[in-house]
Amino acid sequence: MARAQETDFLSSMRFHVDVVPVGNGQHTLRTGGNTPQAGFTNVSTPELTVDPAEYKEGQMVYTRKFPGNPSVSDITMSRGVARADSSFWDWARVVVEGSGDYRATVSIKHYHRDTSLTRGVADRSLENKTDLDLNSPARVYKLYEAFPVRHKVAADLDGTASEISIMELDVTYESFEIEES
């Protein structure tokens with residue numbers, strides 16, 4: 001039976017993450033389709049850096065600068081929930097154990113809210129209460145040839161804290177694209 005969106009934690013997350021295995025897909029990651037695989041409240045955005053390469057020719061007094069090798073920084077996704085599975089943990093284990101293909105394409109869908117999350121108490125229908133248009137994200141970041149480099153499975157043990165599925169997940173990748181809606 002489907003859960004109502006008003007009680008579904010993923011519906012309130014502004015960043016939904018889907019992971020599609022590259023190659024044979026030896027690990028057990030499931031693609032979400034229209035249903036997100038996981039949601040996160042905080043995601044660092046991809047960053048591209050190009051180091052300048054300096055070159056001095058002959059009798060020139062000053063060096064000339066040219067674009068050097070590009071590099072991308074790792075991203076961190078934190079305070080996340082996953083749909084009743086441990087796919088992200090399994091993915092990290094495949095990387096550590098070398099037990100299969102671990103590279104994947106990661107899609108991070110960023111949703112904007114039209115209005116705040118407040119709503120009248122009288123309205124109890126089972127519609128999307130978060131004002132997120134789950135059919136059209138505002139922006140999608142696609143990370144290619146990605147794999148996890150750090151996975152913190154839960155918050156530090158505290159009896160008074162509310163638990164979440166994934167505390168932090170760091171992902172490295174080789175290139176990325178940004179799709180605007």
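A residue is called buried under 20% relative accessible area, exposed over 50%, and partly exposed in between (1.4 Å probe, protein chains only). The model is predicted: local features need pLDDT of at least 70, side-chain atom pairs count only at pLDDT 80 or more, and totals for chains, interfaces and linings use all residues. Residues are numbered from 1 along each chain as its sequence is written, and side-chain values use heavy atoms, with hydrogens and water left out.

Helices (H or I, at least four residues) and strands (E, at least two) are DSSP runs, numbered from the N terminus. Helix α2 spans residues 87-97. Its buried residues are Ser 87, Phe 88, Trp 91, Ala 92 and Val 94. They fall within an arc of 155° seen down the helix axis, so they line one face of α2. The arc is taken from the directions from the helix axis to the C-beta atoms. These buried residues pack against β1 (15-21), β2 (38-43), β6 (104-110), β7 (139-152) and β8 (166-172); contact means heavy atoms within 4.5 Å. Gly 98 follows α2 and has a positive phi, near 65°.

Strand β1 is mostly covered, with 5 of its 7 residues buried. Strands pair if DSSP finds at least two bridges between them. β1 pairs with β2 in the antiparallel sense over 3 bridges. Here His 16 stands opposite Gly 39 of β2. β1 also pairs with β6, again antiparallel, over 7 bridges. Pro 21 has Ala 104 of β6 as its bridge partner.

Most residues other than glycine have a negative phi. Glu 145, in strand β7, has a positive phi, near 55°. Glu 145 counts as partly exposed, at 27% relative accessibility.
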